[in-house]
Amino acid sequence: MAEAQQSRMQAAIDSMVQGLERENIRKMQGHMFRCSANCCENDKASMQQVHHCIEHCHAPLAQAQAIVTKELERFQDRLARCTMHCNDKAKDSLDSGSKEQQVKQQLESCITKCVDDHIHLIPSMTKKMKETLADIAQ
């Protein structure tokens with residue numbers, strides 16, 4: 001992917017992830033630590049019970065992180081398929097005798113369209129993840 005397009009995509013993804021971390025994940029982390037501390041305050045619990053309690057406190061955050069990771073991987077796979085399609089089209093154009101400069105422009109245009117299309121998907125993907133994370137946090 002062209003450097004400028006890659007930078008645009010990375011900035012959009014970074015912004016989304018930072019928003020999710022700030023608005024959702026961080027709150028879940030705070031809850032997890034408070035919950036874990038409460039587990040340790042129980043003087044009557046056995047070591048195993050405290051360990052189980054702490055694991056229970058960590059589970060929602062681990063689930064949330066897995067969901068975010070899975071969504072980002074799916075998104076990256078879709079983007080990669082789109083750019084691979086652009087590369088295939090460019091190779092086909094070269095093989096059919098198109099001029100290299102023309103093929104480079106077509107490739108750049110195709111990749112730009114992939115990035116634009118995928119950047120437009122980020123708000124709905126973010127909304128879906130926030131709803132899922134909110135459900136987990138409850």
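User: Which residues does His118 touch, not counting residues up to four places away in sequence?

Analyst: This is a predicted model. His118 sits in helix H3. Its relative accessible area is 7%, under the 20% cut-off, so His118 is buried. Beyond its sequence neighbours, the residues that His118 touches are Met9, Phe75, Arg78, Leu79 and Cys82.

User: How many helices and how many strands does the chain have?

Analyst: From the N terminus on, the elements run α-α-α. The secondary structure comes to 3 helices and 0 strands.

User: Is H1 roughly parallel or roughly antiparallel to H3?

Analyst: Helix H1 covers residues 3–41, and helix H3 covers residues 100–137. Their axes are 10 Å apart and the packing angle is about 5°. Angles under 35 degrees count as roughly parallel. Therefore H1 is, relative to H3, roughly parallel.

User: What residue classes make up the contact of H1 with H3?

Analyst: H1 and H3 pack with their axes 10 Å apart. By class, their contact has 16 nonpolar, 5 polar and 5 charged residues.

User: Is H1 roughly parallel or roughly antiparallel to H2?

Analyst: The axes of H1 and H2 come within 8 Å. They cross at roughly 170°. Angles over 145 degrees count as roughly antiparallel. So H1 is, relative to H2, roughly antiparallel.

User: How many charged residues are in the contact of H1 with H2?

Analyst: The two axes come within 8 Å. By class, the contact of H1 with H2 has 22 nonpolar and 3 polar residues. As for charged residues, it has none.

User: Is Asn24 buried or exposed?

Analyst: Asn24 is found in helix H1. Leaving aside neighbours within four places in sequence, Asn24 is in contact with Gly19, Lys130 and Leu133. Its relative accessible area is 13%, and the cut-off is under 20%, so Asn24 is buried.

User: How far apart in space are Ser7 and Asp77, C-alpha to C-alpha?

Analyst: Ser7 lies in helix H1. With a relative accessible area of 48%, Ser7 is partly exposed. In sequence, Ser7 and Asp77 are 70 residues apart. In space, C-alpha to C-alpha, the distance is 17 Å.

User: And how far apart in space are Cys53 and Val17?

Analyst: Cys53 lies in helix H2, residues 47–95. At 28% relative accessibility, Cys53 counts as partly exposed. Cys53 and Val17 are 36 residues apart in sequence. Between their C-alpha atoms, the distance is 29 Å.

User: What is the radius of gyration of the chain?

Analyst: The C-alpha atoms fill a box of roughly 80 × 25 × 20 Å along the principal axes. A compact globule of 138 residues would have a radius of gyration near 14 Å. For this chain, the value is 22 Å.

User: What share of the residues is buried?

Analyst: The chain exposes about 9500 Å², and carbon and sulfur atoms supply 52% of that area. A residue is buried under 20% relative accessible area. Of the 138 residues, the buried share is 30%.

Conventions
Residues numbered from 1 in each chain as written. Predicted model: local features only at pLDDT ≥ 70, side-chain atom pairs only at ≥ 80, totals over all residues. Heavy atoms only, no water. Axes fitted to C-alpha atoms, helices over the stretch in contact; angles between N-to-C directions. Helix = DSSP H or I, 4+ residues; strand = E, 2+ residues; numbered from the N terminus. Parallel < 35°, antiparallel > 145°, perpendicular 65-115°, else oblique. Nonpolar A, V, L, I, M, F, W, Y, C, P; charged D, E, K, R; others polar. Rg over C-alpha atoms; globule rule 2.2 N^0.38 Å. Buried < 20%, exposed > 50% of the residue type's maximum accessible area, 1.4 Å probe, protein only. Areas by Shrake-Rupley, 256 points an atom, 1.4 Å probe, with all protein chains shown as cover. Contact = heavy atoms within 4.5 Å.
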